[in-house]
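Subject: Structure handover

Hello,

Here is the structure I promised to pass on to you. My notes on what turned up in it follow just below.

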Amino acid sequence: MLQEKNEYHQVLDNLYSKSLVLESVGDFNQVLYFYFMDTLAHIDFSICILAFNYHNIRNKMNMEYMRWRIEEEKKGDRAHFPEFINWLKSNHRDKFDSLPYLWKSIYDKSNRAEYRSFRISTDPDSNQPTPAGSFNQWIEEFFDQKLIKSIYREGSLDVLFSEFLKSKN
């Protein structure tokens, strides 16, 4: 049984202290924004599973979102995002190297990390919970101003995503 409050509650506090209030989210590339928010949802879900009882209502609500997002990621250009990450690795290594760890780990086809039952699993062979510090690191990477600027329309990641899509045609 989990303690009433454990170290993962502090990670949730860190995540929920972040804000996009000063950002113009409507000006983000919509595919990149979807995956930005999707990764934050996976982070949240993974932390909540470790912080709360599995049957907690928060976990149940998160599971409902996660089931919905499976179909959403298949819509339009969203379906190309995993391939885009691998294209960056081959064609724009510097940009790939600057991506948040989770995007590189989850979508790089040479890596074994994955979403398992919607949880982040960086090492599928391990039964150990993901350390709280890893979550804090990932949260900071996703709220890094360089990354946020890059996902705006005409931002560096948006420009490369458009280049990638054109190369597919």
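To begin with the contacts: in the protein chain, residues 24 or more positions apart account for 70% of the contacts with a separation of 6 or more, where contact means heavy atoms within 4.5 Å.

Some housekeeping. This is a predicted model, so local features need pLDDT of at least 70 and side-chain atom pairs count only at pLDDT 80 or more, while totals for chains, interfaces and linings use all residues. Residues are numbered from 1 along each chain as its sequence is written, and side-chain values use heavy atoms, with hydrogens and water left out.

Now the overall picture. The protein chain holds 9 helices and 2 strands, in the order α-α-α-α-α-α-β-β-α-α-α from the N terminus; helices (H or I, at least four residues) and strands (E, at least two) are DSSP runs, numbered from the N terminus. The radius of gyration is 16 Å, close to the 15 Å that the globule rule gives for 169 residues, so the protein chain is as compact as a globular protein of that length. Here the radius is taken over C-alpha atoms, and the rule is 2.2 Å times the number of residues to the power 0.38. Of the 169 residues, 47% count as buried, meaning under 20% relative accessible area with a 1.4 Å probe, protein chains only.

Next, the aromatic rings. Searching the whole structure gives 22 aromatic pairs. Rings of Phe, Tyr and Trp (its six-membered ring) pair if their centres lie within 6.5 Å; planes under 30 degrees apart count as stacked, over 60 as edge-to-face and the rest as tilted. Tyr 35 and Phe 81 are stacked, 4.0 Å centre to centre with 10° between the planes. Tyr 35 sits in helix H2 (residues 30-51) and Phe 81 in helix H4 (residues 81-91), so this pair ties together parts 46 residues apart in sequence. Both Tyr 35 and Phe 81 are buried. Phe 135 and Trp 138 form an edge-to-face pair, at 5.2 Å centre to centre and 75° between the planes. These two both lie in helix H7 (residues 132-142), 3 residues apart, about one turn of the helix, and Phe 135 and Trp 138 are both buried.

Which residues does Ile 43 touch, not counting those up to four places away in sequence? They are Leu 102, Ile 120, Phe 135, Trp 138, Ile 139 and Phe 142. Ile 43 belongs to helix H2 and counts as buried at 0% relative accessibility.

Best wishes

Note on methods. Buried < 20%, exposed > 50% of the residue type's maximum accessible area, 1.4 Å probe, protein only.
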